[in-house]
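Subject: Structure handover

Hello,

Here is the structure I promised to pass on. Please look it over first; my notes follow below.

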Amino acid sequence: LINITINNKKIAVPKGTTILEAAKALNIKIPTLCHLDLHDIKMINKVSSCRVCVVEVEGKKNLLPACSTLVSEGMIIRTDTLRAIKARKNIVELLLSNHPQDCLLCEKNTNCELQSLAAELGIQEIKYKGQTSNHGIDKSSYSIVKNLDKCILCRRCETMCNEVQTVNVLSGVNRGFETIISPAFYNPILETSCTFCGQCIAVCPTAALTEVNNISKVWDALNDDKKTVIVQVAPAIRVSLGEEFGMQPGEIVTGKIVSALKILGFDKIFDTDFAADLTIIEEASELIYRIKNNTKLPMLTSCCPAWIKFFEHQFPDLLDIPSTCKSPHEMFGAIAKTYLAQKMNIDPKNMVIVSIMPCVAKKYEATRPELSNKNIRDVDIVITTREFAKMIREAGIDFNSLKDNNFDNPLGESTGASVIFGTTGGVLEAALRTAYEWITNKPLENIEFNKLRGINGIKEATIKINNININVAVASGLGNARKILEDIKSGRSNYHAIEIMACPGGCVGGGGQPYHHGNLEIISKRAEGLYKEDRSKKLRKSHENPYIQKLYKEFLGEPYGEKAHEILHTHYFK
Ligand code: HC1
Ligand code: SF4
């Protein structure tokens, strides 16, 4: 151990510890901006580009950056001297001198790390006047807005995109004042292999990367008398939305969500969980078919649109193995505009389906032409958890005091299996609960597959069903997905089914969720909330959902049959 002193407090820390880490152990806060250490998902941004974390070290002439300076025996460090504080202020003032000062109008207002830091440091004027950048805004995609004028070159997005997701879309080009973070050849993001996972947005400290805001489209629909506006809520929203209103991550706010949506004026309030149960019926049927016929194995799950885009770009020779199931929220839209439209006796053209999702890739997914029926899109508008929270605030709803309400039927009932879709491992666990009972004709006693749970990037298990050993794997984060796909490509893999989610942790860690500001424990707590909701449900297997059974009886016919294929399945492109 190495003995050091920080602000007169002594501590012994292991060799290789940085001053920043040692200070944290003493509960001494050193402000940082570019630094981000998300150990659990192997994302460590250590570029030390902002220098906000400078401290004084006895015997050293210059101030040193705490994030990249390792401790040494006997080091005496001060984080709170006038010189250090002045230097920090100076750095932030310099950053602000080349930053649009439109906080009041900014998408990240009240959620921006630069803004908070400026407030913390008491900055009230920007001393420096000079040249400011003017790069224009990239609004080419349906998911992501890139505004380089707000970029502070922290490189967090670059680390996330290249090292964690291995997509390699964003990198620094040019030098000095001209440096920008850009796709190759300055291409608009739409023309790249960006998956729209939104993880770059999740780690951007400012509003350089944000989601495409669809709130006004929803207000317009709600105010159009000719439209029947139907909303669905993704599994992962119910354990994260509360954070926007001061609640703990993982707190289940499903009932309050329904109440808020009623006040906002949606005509019907349904649950994507219902469609997740439906997905399981189709996906479990498909898996059993493929195992019995020993064809197109391993089967890969297909509910994550960023993952779909990733393999379309990166692994085009494997396009036949993903499940052909549309994602649950797309299945929901397809059923709403056929089965429900018939039941309600309305023209699907006058229906607007709004999806509230933890994901920015779902915005792009909804525009894919093949996710439609007779040229009518399955889903019309997608908003994120964050946008939903903004709508609740805009409408002046006191979220915390709302009473609980229930989803409407027939597309509002769901089982515990569907709830856990929102966390990594949940889709596969849900599919196995059904596949096991269908193959063996026996009840599954222990329905919790603990080996598939937890935030680990890659998880594996072997499940004995009758006499067959079914090998399964789960990956979250696209870098982990890449490893699994490379193994399949080279024939090293012996899995039957693999679940892949693009965002580390699954949808609970989605790019449209409340910002975690570097605290990954938040993602685990959201997952715990979903498992808790699963345990509280009377029905915990998708095939037990009575409304799903009714849907097949009244409308779809056989699971994985002709009508189901026409409405609920899709195909992929190189
Ligand atoms: Fe997800 Fe899914 S679980 S993909 O993470 O399969 O977004 O929550 O809605 O569609 O159900 C997201 C979450 C979500 C779909 C479902
Ligand atoms: Fe990279 Fe995902 Fe951001 Fe696209 S959305 S640039 S893939 S991190």
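**Two helix pairs**

Helices α2 (residues 82-97) and α3 (residues 113-120) pack with their axes 10 Å apart, at an angle of about 135 degrees. That angle makes α2 oblique to α3. Angles under 35 degrees count as roughly parallel, over 145 as roughly antiparallel, 65 to 115 as roughly perpendicular, and the rest as oblique. Axes here are lines fitted to C-alpha atoms, for helices over the stretch in contact, and angles run from 0 to 180 degrees between N-to-C directions. Helices (H or I, at least four residues) and strands (E, at least two) are DSSP runs, numbered from the N terminus.

Before going on, a word on the source. This is a predicted model, in which local features need pLDDT of at least 70 and side-chain atom pairs count only at pLDDT 80 or more, while totals for chains, interfaces and linings use all residues. Residues are numbered from 1 along each chain as its sequence is written, chains are lettered from A and ligands numbered from 1 in the order in which they are written, and side-chain values use heavy atoms, leaving out hydrogens and water.

Back to the pair. α2 passes α3 in a left-handed crossing. A crossing is left-handed if the near helix is turned anticlockwise from the far one by less than a right angle, and right-handed if clockwise. Which residues meet? Val92, Leu95 and Leu96 in α2 meet Leu114, Leu117 and Ala118 in α3. By class, this contact of α2 with α3 has six nonpolar, no polar and no charged residues. Contact means heavy atoms within 4.5 Å. Ala, Val, Leu, Ile, Met, Phe, Trp, Tyr, Cys and Pro count as nonpolar, Asp, Glu, Lys and Arg as charged, and the others, Gly among them, as polar.

The second pair is α7 and α12. The axes of α7 (residues 254-264) and α12 come within 11 Å and cross at roughly 55 degrees. α7 and α12 are therefore oblique to each other. Their crossing is left-handed. From α7, Ile257, Ala260, Leu261 and Leu264 meet Phe388, Met391 and Ile392 of α12. The contact of α7 with α12 has seven nonpolar, no polar and no charged residues by class.

Start with histidine 329. It sits in helix α10 (residues 328-344). Histidine 329 counts as buried because its relative accessibility is 1%. Buried means under 20% relative accessible area, exposed over 50%, partly exposed in between (1.4 Å probe, protein chains only). The histidine 329 side chain makes a polar contact with the side chain of glutamate 365 (2.8 Å). It makes another with the side chain of glutamate 330 (3.3 Å). A polar contact is a pair of N or O atoms within 3.5 Å; within protein, one must be able to donate a hydrogen and the other to accept it, and residues adjacent in sequence count only if both atoms are side-chain atoms. Leaving aside neighbours within four places in sequence, the residues in contact with histidine 329 include Gln232, Thr272, Ser355 and Val382.

Next is glycine 426, in helix α14 (residues 426-440). Glycine 426 counts as buried, at 0% relative accessibility. Apart from neighbours within four places in sequence, glycine 426 is in contact with Ala417, Ile420, Phe421 and Glu499. The C-alpha atoms of glycine 426 and phenylalanine 449 are separated by 9.1 Å, and the two are 23 residues apart along the chain.

Then lysine 541. Its place is in the loop between α16 (521-535) and α17 (546-556). Is lysine 541 buried or exposed? Lysine 541 is buried, with a relative accessible area of 10%. Not counting residues up to four places away in sequence, lysine 541 touches Thr415, Ala417, Arg433, Glu437, Leu444 and Ile447.

**Backbone points to check**

Most residues other than glycine have a negative phi, and most peptide bonds are trans. Lysine 42 is not a glycine, yet has a positive phi of about 60 degrees. Lysine 42 lies in the loop between β3 (36-38) and β4 (43-45) and is exposed, at 69% relative accessible area. Asparagine 345 also is not a glycine and has a positive phi, of about 55 degrees. Asparagine 345 is exposed, with a relative accessible area of 70%.

The peptide bond from leucine 297 to proline 298 is cis, with omega near -5 degrees. The bond from asparagine 409 to proline 410 is cis, with omega near 15 degrees.

Best wishes
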